[in-house]
Amino acid sequence: GQSLSFPLSFALFDQRGSSSLIQADRAHTCVTYSGNYRVKLNIKTGAPSVCSTEVLFTVSPVVDEISPSSTSSFEMLDMESVPAPYHVVQPHWFFCRRADDNTSWLPFSIEDSDKLEDAYGNADKDTVVAVDGERYDVNVKERRRYAVYWEQAPTEVRRCTWFYKGDKDTRFMPYPEDFSERLEDAYKQAVTKDEWKKKLDFPSGETVILHNPKLIMQYQPIGLQDEWVSSPSEHTRPRTVKRGVDNISVEILDGEPEKVDHLVFMVHGIGPACDLRFRSIIQCVNDFRSASLSLLASHYKRAQQEGKVGRVEFLPVNWHSALHGDATGVDEDIQRITLPSISRLRHFTNDTLLDLFFYNSPTYCQTIVDTVASEINRLHVLFKQRHPEFSGAVSVVGHSLGSLILFDMLTNQRTGSEVNTEKMSGSEHCHISIDTLEQILTRLGLQQYLATLQAENMDLESLVLCQETDLKDLGIPLGPRKKILNYVRRKCTACLAPGFQVTLQEPLICDPDDNQSPGPMPQQSQLHRAQSVTSAVDYEYFDMGIGQVSIDYPQLSFHPQTFFAFGSPIGMFLTVRGLKRIDPNYTFPTCKSFYNIYHPYDPVAYRIEPMIVSEVDLEPMLIPHHKGRKRMHLELKDSLTRMGMDLKNNVLGSLRTAWQSFARLPVAALPPVEADETTIETNIQEIQEQPEIKVGMLNGGRRIDYVLQEKPIESFNEYLFAIQSHLCYW
């Protein structure tokens with residue numbers, strides 16, 4: 001940090017106290033021989049304004065044949081005679097992410113970047129590379145990244161070698177590729193010829209000065225600076241320039257396991273935002289997936305290395321945009337009757353809370369369930385196409401209202417031989433399934449678009465897989481493409497999914513006074529019973545005069561293995577509908593497992609188990625922490641409770657017992673990470689199912705209600721964290 005005057009003088013002392021004088025100017029390397037040692041002095045200086053100087057000493061034994069005859073010799077070597085070697089920079093691929101007027105560049109994983117670099121190196125660069133677990137496709141020639149499963153604007157992709165960061169920036173940003181190429185050419189010339197302090201001007205006005213290999217700065221032109229800046233020095237505030245991704249601070253992941261063991265569809269609740277940061281379902285599911293990959297790497301590292309464990313794929317299911325889109329026109333209708341006062345609050349209410357009322361409306365409830373089912377089926381078909389080797393299980397997750405939507409759909413799934421009866425009776429679904437594309441367009445009055453679709457070799461099955469952007473690219477206007485997509489997805493998706501059969505369901509409702517397990521009942525008796533107590537399954541006539549509420553629940557193209565409900569109001573809605581008790585023998589027709597997971601302070605969550613086992617007061621199962629044990633405040637609470645019970649039972653003789661109770665270590669909720677991973681699931685079952693309690697058949701006799709562990713700060717004021725508790729599951 002100090003200014004230096006040249007030539008520089010150094011005194012070199014050996015162990016015997018003898019000294020040698022070394023002098024060097026700015027552009028030379030000094031080599032001197034003192035006794036049996038060769039001393040090399042290399043001085044690297046930056047710009048005078050930067051005051052950056054490196055003084056490097058290299059002491060090495062002198063080889064006999066090279067050793068000079070005298071003990072004190074001195075020579076000057078020009079640095080051009082010993083140029084530093086040049087190494088080609090290693091590129092890494094980045095993609096752009098824009099959110100809330102903020103632009104950030106994120107690196108692809110090492111595996112994805114290598115795949116993109118291989119495709120770039122090929123002669124034909126017009127190739128598409130699947131990245132991010134095949135959830136995105138990158139067109140190498142276009143430098144664009146396209147979402148596969150959901151609608152999202154394409155994002156820019158760069159092959160990055162040079163990066164910059166300003167004083168106020170938190171991370172390095174990559175230069176455009178042409179800018180980086182000029183920098184690399186200048187850097188190569190400076191290294192090979194050892195010509196530093198080189199100034200590089202760009203047509204846009206930026207100036208880059210290569211002071212030395214470790215100090216490269218970019219200076220903005222004066223014209224691009226704020227003319228009201230008070231200090232002249234602020235006009236030329238430089239940017240730090242780095243070469244190669246290895247020289248910047250950025251986290252780059254190795255990549256996701258290629259094998260997928262389990263596929264999970266996640267359905268959101270009310271509104272377009274899913275958390276307090278107002279992020280979409282896509283962003284929240286991305287975080288959920290990242291947490292899953294992190295836990296797999298920490299708890300099942302050995303199994304992953306041995307190829308025994310793959311990964312879990314989570315895909316978002318968005319129904320809000322379809323409900324509030326142009327096809328329904330509901331937003332325009334609501335806006336016409338909305339008062340102008342407190343506009344922001346009313347907009348929030350119309351966009352979020354009204355979804356609850358829409359779901360209780362027969363018209364919009366049908367739209368919601370059709371959208372959810374068709375979107376899940378579309379994603380499932382698309383996933384199977386991109387992962388033809390997949391043979392794992394498929395599960396569904398619903399948050400808030402999304403869990404109620406899935407619950408109603410799963411209670412109305414059909415399996416058995418009755419589907420043959422529907423085919424013989426000529427049901428609407430089967431009749432629609434044999435319609436041709438021409439017949440559907442004729443029915444909709446859109447025959448003029450038949451030639452457009454046929455030109456793309458489009459049939460009915462491929463039309464189901466189309467998104468709105470696909471039809472838009474074909475030149476089909478907004479109104480016709482909305483009609484086509486709504487009709488095809490609503491009427492044809494269930495017919496295209498093979499393997500659906502229909503049987504009579506066992507009754508969801510049982511008489512609270514009947515202690516015996518009901519046996520098989522005739523269909524007429526079941527319907528009569530369902531009418532007497534309002535059911536969430538079959539909407540019948542009500543006595544309040546609101547008319548008939550009849551929902552035609554669509555069928556899923558697979559049988560879910562497990563249904564997870566997060567922060568779910570299912571219990572409350574069933575009670576409001578008049579359901580007092582769930583038959584212990586009832587199971588979902590096509591799904592054998594059900595878990596109701598909630599935060600203890602969630603104001604929207606309700607329990608399920610008391611509706612099945614009302615005679616026993618069961619505490620919910622505490623979900624283990626991923627690091628094992630309980631959180632400290634919960635351990636302390638349990639210890640104090642045990643100590644209080646001991647004191648109450650035996651005041652005089654329990655001091656020792658109470659102390660032992662307080663000092664007793666609780667059983668670890670999870671075995672250590674170093675433990676045998678094959679025993680983790682077994683140990684959890686042993687811990688949680690002692691003694692084993694049968695809670696109906698909705699979850700195969702296992703427990704249903706599971707509660708999360710609240711954070712210590714949340715326990716101080718549960719009202720303060722109520723809203724946050726409902727949005728914490730992602």
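Ring pairs join Phe407, Phe563, Tyr586, Phe588 and Phe594 into a cluster. The structure is a predicted model, in which local features require pLDDT of at least 70 and side-chain atom pairs count only at pLDDT 80 or more, while totals for chains, interfaces and linings use all residues. Residues are numbered from 1 along each chain as its sequence is written, and side-chain values use heavy atoms, with hydrogens and water left out.

Rings of Phe, Tyr and Trp (its six-membered ring) were taken to pair if their centres lie within 6.5 Å; planes under 30 degrees apart count as stacked, over 60 as edge-to-face and the rest as tilted. The count by this rule is 25 aromatic pairs. One of the pairs is formed by Phe563 and Phe594, which is stacked because the ring centres are 5.0 Å apart and the planes lie at 15°. This pair links distant parts of the chain, with Phe563 in strand β22 (residues 562-566) and Phe594 in strand β23 (residues 593-598), 31 residues apart. Strands (E, at least two residues) are DSSP runs, numbered from the N terminus.

Phe594 has 0% relative accessibility and therefore counts as buried (under 20% relative accessible area, 1.4 Å probe, protein chains only). Phe594 also pairs with Phe588: the centres are 5.8 Å apart and the planes at 75°, so this pair is edge-to-face. Phe563 is buried, at 0% relative accessibility, and Phe588 is buried, at 0% as well.

Charges over rings were assigned where NZ of Lys or CZ of Arg is within 6 Å of the ring centre and within 35 degrees of the ring normal. The charged end of Arg145 sits over the ring of Phe95, 4.0 Å from its centre. Arg182 lies over the face of Phe202, at 4.6 Å from the ring centre.

Conventions: Helices (H or I, at least four residues) and strands (E, at least two) are DSSP runs, numbered from the N terminus. Buried means under 20% relative accessible area, exposed over 50%, partly exposed in between (1.4 Å probe, protein chains only).
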